[in-house]
Amino acid sequence: MHISLDALRRIVGSSNVLTGEDVSARQADWMTGAACRAGAIVRPADTDELSRVMQACHAARQPVVTHGGLTGLVHGGDAQPDELVVSLERMTAIEALDEVGCTLTVQAGAPLQRVQEAAVEAGLQFPLDLGARGSCTIGGNIATNAGGIRVIRYGMMRQQVLGLEAVLADGTVISSLNRMLKNNAGFDLKQLFIGSEGTLGIVTRAVLRLQPPTPDEQTALVACPSFDALTGLLAHMSKSLGGSLGAFEVMWQNHYRLLTETSGRHTPPIAVEHPFYVIVASLGSEAERHGEQFNHALETALERELIVDAVVAHSQTQRDALWAIREDIEGLIQTLAPLFTFDVSLPIAAMSAYTGQLERAVERCWPQGRLVVFGHLGDGNLHISVSVGSADPDTRHAVERLVYEPLAELGGSVSAEHGIGTEKRPWLGISRSAEEIRLMHTLKHALDPLGLLNRHKVLGHGSTTTSTG
Ligand code: FAD
């Protein structure tokens, strides 16, 4: 550590600078459960304290890693022993609600679920939603430009943020807390910080856009006989529901089987004999009319043989049971471990050929290997898990090549929604051109010339090239 911990204690108080076992007892990685290895953790109470912490770090050339809820899946929170972790855990306030303008101003450490609840209490909704909602923070959601299960209707985190405040590496506070839908006065600086994974600044506060409530949720699990039927169903539901399609979450049979029959973790609501299963949700306001519209859309889908079976949820408990299969990431990990997980995007039309080719390639290289696929199909986003009985680095690299290399030709992305972190850094060149990567380095250098913020993430401090693996 380059910085004097006493200097930090003078800013945030002794109890908010953690060292030794207080650091190592913390889990730094959701997937592996690995312990935090940082030299110390500092917990500022507000933007002013954080700004003074960063001024001190800048003067001492102290590298920093930011921690939100630590649910990120690409090792963005990993810290080396010479790095200082800045944890936003004390910055959790819901600061202001504007019911007329439909905005909520919050500190960046506020957990997503608390923000969702605050919006509901105000008779509105904050539509970003994902399985880690109880732990992940708004700052982490912004830093990773999180997606989740409502993207098809409301877009990603970028679309939910009207303004934000961030602290730069030298402690400068950029307060860009815009509350208006329209503001074209010069560069839209907030966009620099959304999705840049804490490499350009630490997000401290945000103005979030709220939406009208959709109190009636119609949800069904349906089975599709083929990939063509699946894409036909997406188009059909999208048109028939007139803009209220809220989720279209697909499980390949291998995923559905694993979490029901194989693991025994969930009772299969529909027999495990079809190639694809979809959770379709529609978000509306007036229950009776909306319910009729949803049922009619499903009936027509059945008549057109886009689906062959369906289970409609009639209560929140039934809805939760359907979603529990799709959101059972812990079950997936327990049943498949050791496994490698991937979050890719590609044109929907190319998905079936891509997953088929991948399955055959995995089988060829590891005859006992398993491939499991689910995803936000409407967003072109697949989550792929590959289990080949080993997790050593060479095996990981070999599996990564099989998953990532075909994406270059397809115009796909090595990261649909989880970000690059350290895990996908060697593969950035598959999804971004050399010119794009050079511009990313230029921006990084302009905002953080000493390379202090999340220095090993996304681009990597000092490196100017990114290979394709
Ligand atoms: P962290 O894990 O703490 O940090 C993530 C990255 O952001 C790190 O690089 C960190 O340094 C940086 N960071 C954190 N806070 C700040 C800040 N205030 N300022 C600047 N940088 C910061 N993601 C999806 O997109 N869609 C999903 O559907 C989804 N489902 C998930 C389901 C489960 C069960 C789990 C465990 C994760 C899931 N994720 C999903 C991934 C994860 O929840 C999101 O990436 C989330 O946005 C991370 O938020 P966090 O607060 O936990 O961030």
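## Helices α9 and α11

The crossing of α9 and α11 is right-handed, a label used when the near helix is turned clockwise from the far one by less than a right angle, with anticlockwise giving left-handed. Here α9 covers residues 227-240 and α11 covers residues 287-303; their axes come within 10 Å and cross at roughly 150°. The axes are lines fitted to C-alpha atoms, for helices over the stretch in contact, and the angles run from 0 to 180 degrees between N-to-C directions.

Who touches whom? From α9 come L233, H236, M237 and S240, and they meet A297, T300 and A301 in α11. Contact here means that the C-beta atoms, placed from the backbone, lie within 7 Å. By class, this contact has four nonpolar, three polar and no charged residues. (Ala, Val, Leu, Ile, Met, Phe, Trp, Tyr, Cys and Pro count as nonpolar, Asp, Glu, Lys and Arg as charged, and the others, Gly among them, as polar.)

## What you're looking at

This is a predicted model, where local features need pLDDT of at least 70, side-chain atom pairs count only at pLDDT 80 or more, and totals for chains, interfaces and linings use all residues. Residues are numbered from 1 along each chain as its sequence is written.

The chain has 17 helices and 16 strands, both taken as DSSP runs numbered from the N terminus (H or I with at least four residues for helices, E with at least two for strands). Its C-alpha trace spans about 70 × 55 × 45 Å along the principal axes. With 469 residues, a compact globule would have a radius of gyration near 23 Å, and the chain agrees at 23 Å; the radius is taken over C-alpha atoms, and the globule rule is 2.2 Å times the number of residues to the power 0.38.

## Four domains

The chain splits into domain 1 (5-87), domain 2 (94-209), domain 3 (216-329) and domain 4 (337-428), with bounds that come from an automatic or database domain assignment. The C-alpha centres of domain 2 and domain 3 are 30 Å apart. Five residues from domain 2 and eight residues from domain 3 make the contact. On the domain 2 side, that's two nonpolar, one polar and two charged residues.

Next up are α1 (residues 5-12) and α3 (residues 47-60), whose axes come within 9 Å and cross at roughly 165°. α1 and α3 are therefore roughly antiparallel to each other, and their crossing is right-handed. A7, L8, I11 and V12 of α1 meet E49, R52, V53 and A56 of α3. This contact counts six nonpolar, no polar and two charged residues.

Then there's α14 (residues 351-365) with α15 (residues 393-410), packed at an angle of about 155° with axes 11 Å apart. That makes α14 roughly antiparallel to α15, and α14 passes α15 in a right-handed crossing. α14 brings Y354, Q357, L358, A361, V362 and C365 to the contact, while α15 brings A398, L402, V403, P406 and L410. Those residues divide into 10 nonpolar, one polar and no charged.

Two spots in loops are worth a look. The peptide bond from A337 to P338 is cis, with omega near -5°; P338 sits in the loop between α13 (329-336) and β14 (340-345). N145 isn't a glycine, yet has a positive phi of about 45°, and N145 lies in the loop between α5 (138-144) and α6 (151-154).

Notes: Parallel < 35°, antiparallel > 145°, perpendicular 65-115°, else oblique. Contact = placed C-beta atoms within 7 Å.
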